Amino acid sequence: MTTTNLIAASAINTGTSGQNDHISALKFITCGSVDDGKSTLIGRLLVDSKAVLQDHLAGVQRQGETDLALLTDGLSAEREQGITIDVAYRYFATEERKFIIGDAPGHEQYTRNMVTAASSADAAVVLVDATKLDWKNPQLALLPQTRRHSLLAHLLRVHSVVFAVNKLDAVEDPVLAWKHIQGALQSFAQAAGITVRATVPVSALKGWNVVDAHAGWCGYEGPTLLQVLEALPNTPADTALPLAFPVQWVEKSSSSSSDTSQGRRVFWGRVAAGNVAPGTPVQIFPSGQLATVAQVLDHARRPKDVPAGTSAGIILDREVDVSRGDWILAAPTAAAAPADDDFGDTPTAAPAWPANRELRTTIAWMDDEPLVAGRVYWALHGHRWVKAKVKAVVHKLNINTLAEEAATQLDPNAIGHVDLLLQEAVPAAAFGTARVLGSLILVDTASHKTAGAVLVN
Amino acid sequence: MNSRTDSALLEKKTNDMSHHLNNSHLDALEEETIFILREVAAAFERPTLLFSGGKDSLVMLKCAEKAFGTKASGGGIPYPLLMIDTGHNFPEVTDFRDFRAKELGAELIVRNVEDSMARGTVRLAHPGESRNVHQSVTLLEAIEEFRFDALIGGARRDEEKARAKERIFSHRDSFGQWQPKAQRPELWTLFNTRLQPGEHFRVFPISNWTELDVWQYIDREQIALPSIYYTHKRQVVDRKGLLMPVTELTPPRDGDTVETRDVRFRTVGDITCTAPVESTAATAAEIVIETLAADVSERGATRMDDKTSDASMEKRKKDGYF
């Protein structure tokens with residue numbers, strides 16, 4: 001490289017002024033069955049967007065041909081078996097956006113990895129293999145894996161679902177196949193209540209409509225898969241709710257620890273719902289003490305108002321007992337109607353986030369040992385660990401239809417409705433309302449394995 | 001910079017990517033890193049931060065300063081720094097490590113591979129063998145000595161295939177081993193930090209950063225680095241495209257032509273297995289531009305020891321390597 005080039009190039013803004021409101025990196029997962037061409041699709045996205053470096057590309061040559069799947073199947077066991085056994089995270093950028101791909105495995109026994117990847121994803125690309133479908137039939141049946149992955153993404157509130165219909169280049173009549181498969185996907189999504197952002201016909205192998213358009217193929221004139229991804233929204237934070245703030249870490253006062261009157265302890269955490277500003281009246285959970293927010297710091301200690309989704313440091317106007325695992329919640333609001341008792345001229349105050357000990361939940365079970373009634377697990381909610389007893393397995397969900405079926409236990413990779421009884425109440429809310437308040441994990445008390453992903457109903 | 005990079009490619013890449021020289025995405029990465037650094041402080045009893053004086057650990061240290069404040073402001077990083085020294089590190093880097101630790105008022109623990117060799121727990125196949133892989137033994141000895149329950153490391157998922165698969169909170173058994181098939185699912189940001197006695201976690205707060213992100217952050221935050229990250233003249237021999245530095249530990253072989261070139265290090269580690277790249281970049285901003293145009297990965301351009309087998313990192317991690 002010459003110096004002139006460098007000077008010309010460094011005229012581009014790399015400094016501190018680039019603080020525009022750009023859409024953030026999109027985290028998306030790719031799902032599909034084994035052999036649907038998922039790894040090839042990712043390889044195609046990386047190669048055609050020029051994100052793959054020469055030494056990595058040189059490592060995936062087989063008999064003179066580039067095998068794109070080898071770019072992502074990194075573990076030796078995966079290369080031996082030709083399958084993906086765990087989520088791999090890949091990074092690439094285009095002119096429009098940065099991307100993080102969670103490459104989730106398709107094998108049924110690795111559903112837990114798909115749930116893992118989906119829990120932090122903004123979008124899910126569900127790969128549909130045209131060659132495996134009865135594409136001549138206008139009423140064709142989708143593969144169970146397509147339904148399973150879409151429903152899982154839907155259940156976990158992945159914000160956007162995109163279908164990529166792959167291998168249409170390998171069927172006899174791609175136009176007809178595309179028409180019928182697209183129709184089947186539409187009616188399935190409609191029945192399941194899934195909002196689909198886009199359905200794109202692609203050939204991962206040939207690179208059609210992945211990064212580069214293959215104009216008019218199958219009669220499709222819409223955006224390529226990459227263009228779809230570039231335009232997808234990030235998952236919105238739960239800002240339009242009362243404040244909920246799980247305390248992650250308590251920063252001791254800068255003065256001596258015995259001198260609490262001077263102590264301005266900072267309560268650090270990530271705002272789970274609403275936003276926090278000086279003057280916000282709050283109530284501490286579980287102690288119930290009331291206080292007012294005196295000052296708010298952002299994640300890097302600059303004074304600010306902080307919305308849901310980002311870290312904050314909260315300083316209260318008075319000394320209250322707060323430790324890791326507690327919650328700082330919006331103060332109770334006075335109920336509009338008077339309390340319904342005979343002496344009721346004092347209005348009762350309703351907590352912004354009422355606490356519960358009994359939870360009706362949907363659990364994705366990940367442990368090798370089945371979930372059965374009576375077992376006790378550790379549950380993590382926010383930063384609070386509590387014991388949780390399985391009161392009852394209510395239903396098992398048919399993974400292909402989400403229909404409820406009678407069950408007494410949840411086997412590995414099953415999903416079902418379960419009643420939990422907690423040792424102490426937590427301010428849990430429905431996952432559909434507030435993600436952070438509505439999600440927990442269950443941890444086996446003996447093996448310490450993460451055994452279940454819990455969504456509060 | 002690799003000499004194969006031609007200016008047309010550079011121009012195309014910088015035009016394509018100019019959009020991304022906007023660095024607002026760094027705020028999200030920084031926020032995630034700080035959240036994880038605080039989680040370790042709160043969830044573990046005896047954590048430590050692996051600090052080599054290299055660019056990734058200096059980025060982590062900067063985030064730690066923001067997370068916890070400095071001694072001067074009444075705060076400070078609530079865990080010690082740990083360095084496993086092979087004895088084959090570049091003096092510019094170890095000097096910088098000591099300077100930064102002192103500047104921060106942080107406790108710095110250094111444990112030496114040479115001490116393990118003296119104890120007999122590390123045995124080299126031959127005296128010239130790279131000590132890089134043997135760091136695992138000394139690291140595990142240090143973990144036992146201090147009973148560390150969490151070790152924060154600066155590994156990034158974009159570095160290597162096996163790293164791309166590892167969780168942010170990576171559980172290790174009592175032998176320090178990583179079990180890729182038995183990784184704990186990592187759901188939302190609910191980190192399961194429960195341990196059995198003798199086990200520990202490796203924690204990677206900058207998992208989601210890329211080499212480019214690191215350099216953009218160094219540029220934005222004006223983070224000081226050891227001098228060898230920037231262009232300097234150095235005696236090297238060109239061995240199959242890799243520039244090997246000529247040092248006491250790596251003398252020229254018969255038939256080698258020793259040349260003086262303008263080079264910088266994209267990564268620094270053990271002298272015996274770290275190669276510089278040709279470059280005239282003297283600032284982080286210039287390195288950002290070079291990184292955009294790079295056509296060879298950081299490890300591909302610089303590390304000898306990863307080339308032996310495609311699965312070498314996976315194998316080493318299973319053996320307790322970072």
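**Group meeting: strands, a covered helix and salt bridges**

Let me open with one pair of residues, A:V128 and A:V165, which stand opposite each other, the latter in strand β7 of chain A. The chain crosses from β6(A) through α6(A) to β7(A), and this β-α-β crossover is right-handed, meaning that, with the strands pointing away from the viewer, the path from the first strand over the helix to the second runs clockwise. Please keep in mind that this is a predicted model, in which local features need pLDDT of at least 70 and side-chain atom pairs count only at pLDDT 80 or more, while totals for chains, interfaces and linings use all residues. Residues are numbered from 1 along each chain as its sequence is written, chains are lettered from A and ligands numbered from 1 in the order in which they are written, and side-chain values use heavy atoms, with hydrogens and water left out.

Staying with this region, strand β6 (residues 123-129) of chain A runs parallel to β7(A), and seven bridges join them; two strands pair if DSSP finds at least two bridges between them. β7(A) also pairs in the parallel sense with strand β8 (residues 196-201) of chain A, over five bridges, and there A:F163 stands opposite A:T199. From β7(A) the chain passes through helix α7 (residues 174-192) to β8(A), again in a right-handed β-α-β crossover. Helices (H or I, at least four residues) and strands (E, at least two) are DSSP runs, numbered from the N terminus.

Is β7(A) buried or exposed? Seven of the seven residues of this strand, 160-166, are buried, which means under 20% relative accessible area, with exposed being over 50% and partly exposed in between (1.4 Å probe, protein chains only). In a regular strand the side chains alternate between the two faces of the sheet. Here A:S160, A:V162, A:A164 and A:N166 point one way, and A:V161, A:F163 and A:V165 the other.

Helix α5 (residues 111-119) of chain A is largely enclosed by the rest of the structure, because nine of its nine residues are buried. Among them are A:R112, A:N113 and A:M114. What covers these buried residues includes β1 (26-31), β4 (88-93), α6 (144-155), β20 (356-365) and β28 (450-456) of chain A. For the chain as a whole, 54% of the 457 residues of chain A count as buried.

I turn now to charged pairs, where a salt bridge is a side-chain nitrogen of Lys or Arg within 4 Å of a carboxyl oxygen of Asp or Glu. The whole structure has 42 salt bridges over all chains. In one of them, A:D444 pairs with A:R375, with the closest N and O atoms 3.1 Å apart. A:D444 lies in strand β27 (residues 439-444) and A:R375 in the loop between β21 (371-372) and β22 (376-381) of chain A, so the pair ties together parts that are 69 residues apart in sequence. A:D444 is buried at 3% relative accessibility, whereas A:R375 is partly exposed at 24%.

In chain B, B:D56 forms a salt bridge with B:R156, the closest N and O atoms being 3.0 Å apart. B:D56 lies in helix α3 (residues 55-68) and B:R156 in the loop between β4 (150-152) and α7 (161-164) of chain B, so this pair ties together parts that are 100 residues apart in sequence. Both B:D56 and B:R156 are buried. Finally, a network of salt bridges links B:D27, B:E30, B:K66, B:R220 and B:E221.

Note on methods
Contact = heavy atoms within 4.5 Å.
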